[in-house]
Amino acid sequence: MGAFDILRISGSSMGMHQTWLDALANNIANVNTVVPTSETAFQTQTPIVRSVPGGGVEVEGMALSDPEGRMVSDPGNPMADADGYVRAPEDDLATQMTQLVMAQRGFQASVQVTKDAQDIYRSALEIGRR
Amino acid sequence: MSVSGIESIGFQPYVPPTMSPASVTATGGTTSTSAAGSSFGDLLTDGIDRLEAVQDKSDKLAVQAATGDLDDIHDYTVAATEASVTAQLTVAVRNRALEAFNEIMRMPIG
């Protein structure tokens, strides 16, 4: 399907960004998930991507943040240990929101490429039309 | 009075780099396969077969969208675009062929 390579490539990009957005939605949903210090913290997911030789991009795997997380002092929390600490995820909300903007813009750029591809195909069909 | 050339003070005229034709390789994507040997009828049939395939794919994804089984929205929209452009292309080829046929039919004989 050589004629629709633009669509295939931008489609793969949209797929990758969709996976990234899904991961970020999960990370942001769990940004306040704290656990007792005896357990491992929520691990935020970040997709590892690579370029496809024939054009396009794909998700190679998911990188998980440190299970140690961050020790937060919250003595009022029922899950707090004797010293008043709980375990929070390593990545904070600011990091995730920044990535959310990047993923969203990347997705939108791919959508724009798809729209432009449609215009390109349309103008190719105009050749010779009377 | 003689003026010596600037080469004597170390000036080297610019020689543009040359590339042997063998070292230039196609980057892919632009390689065209010649359609020699296949008739126009085969070409059209192939086109219609491909149109059927992409429309089939688009239809399947439309059903998935309706039943809630669709994983990614863009999968459907890209497939629908592909189907629509392929349909337009097939129709354009058919129209052009018909035009050519009519042109030939209008040729005066004798």
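# Exercises on helix packing in a predicted model

A:Met14 is buried, its relative accessible area being 3%.

**Exercise 1.** Determine where A:Met14 is placed and which residues A:Met14 touches beyond four places in sequence.

*Solution.* Step 1: A:Met14 belongs to helix H1 of chain A. Step 2: setting aside residues up to four places away, A:Met14 touches A:Phe107, A:Ser110, A:Val111 and A:Thr114 in chain A, together with B:His74 and B:Val78 in chain B. Step 4: the burial of A:Met14 follows from the cut-off, because buried means under 20% relative accessible area and A:Met14 has 3%.

**Exercise 2.** Describe the contacts of A:Phe107 and of A:Ser10.

*Solution.* Step 1: A:Phe107 is placed in helix H2 of chain A. Step 2: apart from neighbours within four places in sequence, A:Phe107 is in contact with A:Met14, A:His17, A:Gln18, A:Leu21 and B:His74. Step 3: between A:Phe107 and A:Gly11, which are 96 residues apart along the chain, the C-alpha separation is 9.8 Å. Step 4: A:Ser10 lies in helix H1 of chain A and is buried, with a relative accessible area of 4%. Step 5: the side chain of A:Ser10 reaches the backbone oxygen of A:Ile6 at 2.9 Å, and A:Ser10 also touches A:Ser110, A:Val113 and A:Thr114.

**Exercise 3.** Identify the aromatic pair and state which parts of chain A the pair ties together.

*Solution.* Step 1: over all chains, the structure holds one aromatic pair. Step 2: the partners are A:Phe4 and A:Tyr121, with 5.2 Å centre to centre and 80° between the planes. Step 3: planes over 60 degrees apart count as edge-to-face, and the pair is accordingly edge-to-face. Step 4: A:Phe4 lies in the segment before helix H1 (5-29) and A:Tyr121 in helix H2 (residues 93-126), so the pair ties together parts of chain A that are 117 residues apart in sequence. Step 5: A:Phe4 counts as buried at 3% relative accessibility, and A:Tyr121 counts as buried at 10%.

**Exercise 4.** Decide whether H2(A) and H2(B) are roughly parallel or roughly antiparallel, and do likewise for H1(A) and H2(B).

*Solution.* Step 1: the axes of H2(A) and H2(B), the latter spanning residues 73-105 of chain B, come within 10 Å and cross at roughly 5°. Step 2: angles under 35 degrees count as roughly parallel; H2(A) and H2(B) are therefore roughly parallel to each other. Step 3: residues making this contact include A:Phe107, A:Thr114 and A:Tyr121 of H2(A) and B:His74, B:Val78 and B:Thr81 of H2(B). Step 4: the residues of the contact divide into seven nonpolar, five polar and one charged. Step 5: H1(A) and H2(B) pack at about 170°, with axes 10 Å apart. Step 6: angles over 145 degrees count as roughly antiparallel; H1(A) and H2(B) are therefore roughly antiparallel. Step 7: here A:Leu7, A:Gly11, A:Met14, A:Gly15 and A:Gln18 meet B:His74, B:Val78, B:Thr81 and B:Glu82, a set of three nonpolar, five polar and one charged.

How values were computed:
Residues numbered from 1 in each chain as written. Chains lettered and ligands numbered in written order. Predicted model: local features only at pLDDT ≥ 70, side-chain atom pairs only at ≥ 80, totals over all residues. Heavy atoms only, no water. Phe/Tyr/Trp six-rings, centres within 6.5 Å; stacked < 30°, edge-to-face > 60°. Helix = DSSP H or I, 4+ residues; strand = E, 2+ residues; numbered from the N terminus. Buried < 20%, exposed > 50% of the residue type's maximum accessible area, 1.4 Å probe, protein only. Axes fitted to C-alpha atoms, helices over the stretch in contact; angles between N-to-C directions. Parallel < 35°, antiparallel > 145°, perpendicular 65-115°, else oblique. Contact = heavy atoms within 4.5 Å. Nonpolar A, V, L, I, M, F, W, Y, C, P; charged D, E, K, R; others polar. Polar contact = N/O pair within 3.5 Å; in protein donor to acceptor, adjacent residues only side chain to side chain.
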